[in-house]
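Student: Hey, I've just opened this one and I'm new to it. Can you walk me through it?
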Amino acid sequence: MKKGLHAVLAVGALVCLLAVVIVYMFVPTVKGFAYKVAFTFSILTVILSYAGITLSQILSARTGAKGIGSTGILLSVYGVLSLALNAYFAFTIKGKGVLLLVLAILLTVIFGVLAFFSLWISKNTPTIRTTRWNVDNPVLLLMERVGELKEDPKNELFYPQLGRIYDRMLFLDTTVFRPQDEALELTLREIEVCMQSNDEDREAKVEEKANEMLQILRQRENELRKLRADS
């Protein structure tokens, strides 16, 4: 997460907190139970939204994503709805504090669950750090080789198999090396040999080898996810 964006979020959260305090302290209203609930949940809304968006930015940065991401959008929507709901009860209805408490808790729980699953998906998305890619990176070179084979008109017959492999490799974490990387290279060489052969069953052999390569890619991704989850 860039420091500039972090600073903007922090300043925004402080401004929102200050605005909530000023509005609830100086706007004329009947300060009953609904007012206390609205004031408390407005403060909690700003804190939870800021903390969630910040965490979302940290996790999204691992995948090379830009912007606030789906979790950030969810929490922004939650913040607007929660602040509007609390203000409506505090300054318009001026009562029904129990109803506001139930609605505020329900709204927080619903968006909390949605944000949790969104963050969980972000955490388990393979890391892509393009700034650390190296021209001598064997995994990156392997990915480029698959792309070249896929774009070669001579391999049009095998485009479906090469396309599946390439689409899967787009999510490879090329910043780390795993034992499966050597197997990927060997399997790709076998695929090239099969494509260049004149055997009648070469298409079936390429399909078989392509499935083997996809299985190796899945094993590699699952192993990295498990390592991240344990760390």
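Student: Let's start with Cys194: is it buried or exposed?
Tutor: Cys194 is buried, with a relative accessible area of 11%. Buried means under 20% relative accessible area, exposed means over 50%, and partly exposed is in between, using a 1.4 Å probe and protein chains only. Keep in mind that this is a predicted model, where local features need pLDDT of at least 70, side-chain atom pairs count only at pLDDT 80 or more, and totals for chains, interfaces and linings use all residues. Residues are numbered from 1 along each chain as its sequence is written, and side-chain values use heavy atoms, with hydrogens and water left out.

Student: And what about Cys16?
Tutor: Cys16 counts as partly exposed, because its relative accessibility is 37%.

Student: How many disulfides are there?
Tutor: A search of the whole structure finds 0 disulfides, a disulfide being a pair of cysteine sulfur atoms within 2.5 Å.

Student: Back to Cys194. Which other residues of α7 are buried?
Tutor: Along with Cys194, the buried residues in α7 are Gln180, Asp181, Leu184, Thr187, Leu188, Ile191, Glu192 and Met195. They sit on the same side of α7, because they cover an arc of only 160 degrees around the axis (the arc is that of the directions from the helix axis to the C-beta atoms).

Student: Why would residues three or four places apart point the same way?
Tutor: An α-helix has 3.6 residues a turn, so residues with that spacing point the same way.

Student: What's on the other side of α7?
Tutor: Glu182, Val193 and Gln196 are exposed there.

Student: Zooming out, how many helices and strands are there?
Tutor: The protein has 8 helices and 0 strands. Both are DSSP runs numbered from the N terminus: helices are H or I with at least four residues, strands are E with at least two. Of the protein's 231 residues, 37% count as buried.

Student: Which residues form the nonpolar patch on the surface?
Tutor: That patch is Ile105, Val109, Val113, Phe116, Phe117, Trp120 and Ile121, with about 710 Å² of accessible area together. Val109 lies in helix α4, residues 97-123. Patch residues have over 30% relative accessible area and no salt bridge; like charges are joined within 9 Å, and nonpolar side chains (Val, Leu, Ile, Met, Phe, Trp, Tyr) within 5 Å. A salt bridge is a side-chain nitrogen of Lys or Arg within 4 Å of a carboxyl oxygen of Asp or Glu. Accessible areas come from the Shrake-Rupley method with a 1.4 Å probe, and for residues only the protein chains shown count as cover.

Student: Last one: where is Ser76?
Tutor: Ser76 is in helix α3, residues 69-93, and is partly exposed at 30% relative accessible area.
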